[in-house]
Amino acid sequence: NTHYEDGTYSCAACGNELYKSETKFDSGCGWPSFDDEIEGAIMRKRDVSHGMIRTEIMCANCGSHLGHVFNDGPTATGIRHCVNSVSVDFKAE
């Protein structure tokens with residue numbers, strides 16, 4: 001959550017590049033948050049589990065669960081990808 005080096009975040013399961021470090025921000029939620037993904041890297045699916053309606057995000061390459069995306073981001077995109085840190089690996093530039 002507090003990691004802010006320059007580089008790329010990839011799917012921990014298959015290595016597919018998901019996010020560039022410049023899209024990461026501190027949302028205050030305790031999870032790594034990004035306001036945009038690398039084009040074509042993320043799939044979205046409606047998630048109605050646990051009595052909530054959310055949008056699940058998954059790796060477009062292997063289908064691994066990454067977290068959820070919300071329309072409450074504080075940046076210009078208005079999007080907040082709330083990502084489980086175990087689901088991503090980081091590679092410095």
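Student: Which residue of β2 does Tyr9 stand opposite?

Tutor: Tyr9 stands opposite Tyr19 in β2. Strand β1, residues 7–11, and β2 pair in the antiparallel sense over three bridges, where pairing requires that DSSP finds at least two bridges between two strands. Strands here are DSSP runs of E with at least two residues, helices are runs of H or I with at least four residues, and both are numbered from the N terminus.

Student: Before we go on, what kind of model is this, and which cut-offs apply?

Tutor: This is a predicted model, in which local features need pLDDT of at least 70 and side-chain atom pairs count only at pLDDT 80 or more, while totals for chains, interfaces and linings use all residues. Residues are numbered from 1 along each chain as its sequence is written, and side-chain values use heavy atoms, with hydrogens and water left out.

Student: Good. In what order do the three strands of the open sheet with β1 come?

Tutor: The order is β2-β1-β9, with antiparallel pairing. The edges are taken by β2 (17–20) and β9 (88–92), each of which has a single partner strand, so one side of each is left without a neighbour in the sheet. From one strand to the next the twist averages 30°, the angles being taken between N-to-C directions on a scale from 0 to 180 degrees, with axes that are lines fitted to C-alpha atoms, for helices over the stretch in contact.

Student: And the sheet of six strands, what is its order?

Tutor: That open sheet runs β3-β4-β8-β7-β6-β5, again with antiparallel pairing. At its edges stand β3 (24–25) and β5 (42–47), and each has a single partner strand, so one side of each lacks a neighbour in the sheet.

Student: Which residues face each other along that sheet? Start with the bridge partner of Phe25 in β4.

Tutor: Phe25 has Ser33 as its bridge partner in β4, and β3 joins strand β4 (residues 33–34) over two bridges in the antiparallel sense. Two bridges also join β4 to β8, with Phe34 standing opposite His81 in β8. Further along, β7 and strand β8 (residues 80–83) pair over four bridges, and here Phe70 stands opposite Arg80 while Gly67 has Val83 as its bridge partner.

Student: Is β8 buried or exposed on its two faces?

Tutor: Both faces are covered, with Arg80 and Cys82 buried on one side and His81 and Val83 buried on the other. Buried means under 20% relative accessible area, exposed means over 50%, and partly exposed lies in between, using a 1.4 Å probe and protein chains only.

Student: Which residue other than glycine has a positive phi?

Tutor: His50 does, with phi near 60°. Most residues other than glycine have a negative phi. His50 sits in the loop between β5 and β6 and is exposed, with a relative accessible area of 68%.

Student: Switching to the inside, which residues touch the most other members of the largest nonpolar core?

Tutor: Of the 13 residues in that core, they are Leu18, Tyr19, Ile42, Ile57 and Val83. A nonpolar core is a set of buried Ala, Val, Leu, Ile, Met, Phe, Trp, Tyr and Cys residues joined through side-chain atoms within 4.5 Å. Two or more residues each come from β1, β2, β6 (54–59) and β7 (65–70).

Student: What is Ile57 in contact with?

Tutor: Leaving aside neighbours within four places in sequence, the contacts of Ile57 include Tyr19, Ile42, Met43, Leu66, Val69 and Val83, where contact means heavy atoms within 4.5 Å.

Student: Last topic, the whole chain: how many helices and strands does the protein have?

Tutor: It has zero helices and nine strands. The radius of gyration is 12 Å, close to the 12 Å that the globule rule gives for 93 residues, so the protein is as compact as a globular protein of that length; the radius is taken over C-alpha atoms, and the rule is 2.2 Å times the number of residues to the power 0.38. Buried residues make up 39% of the 93 residues.
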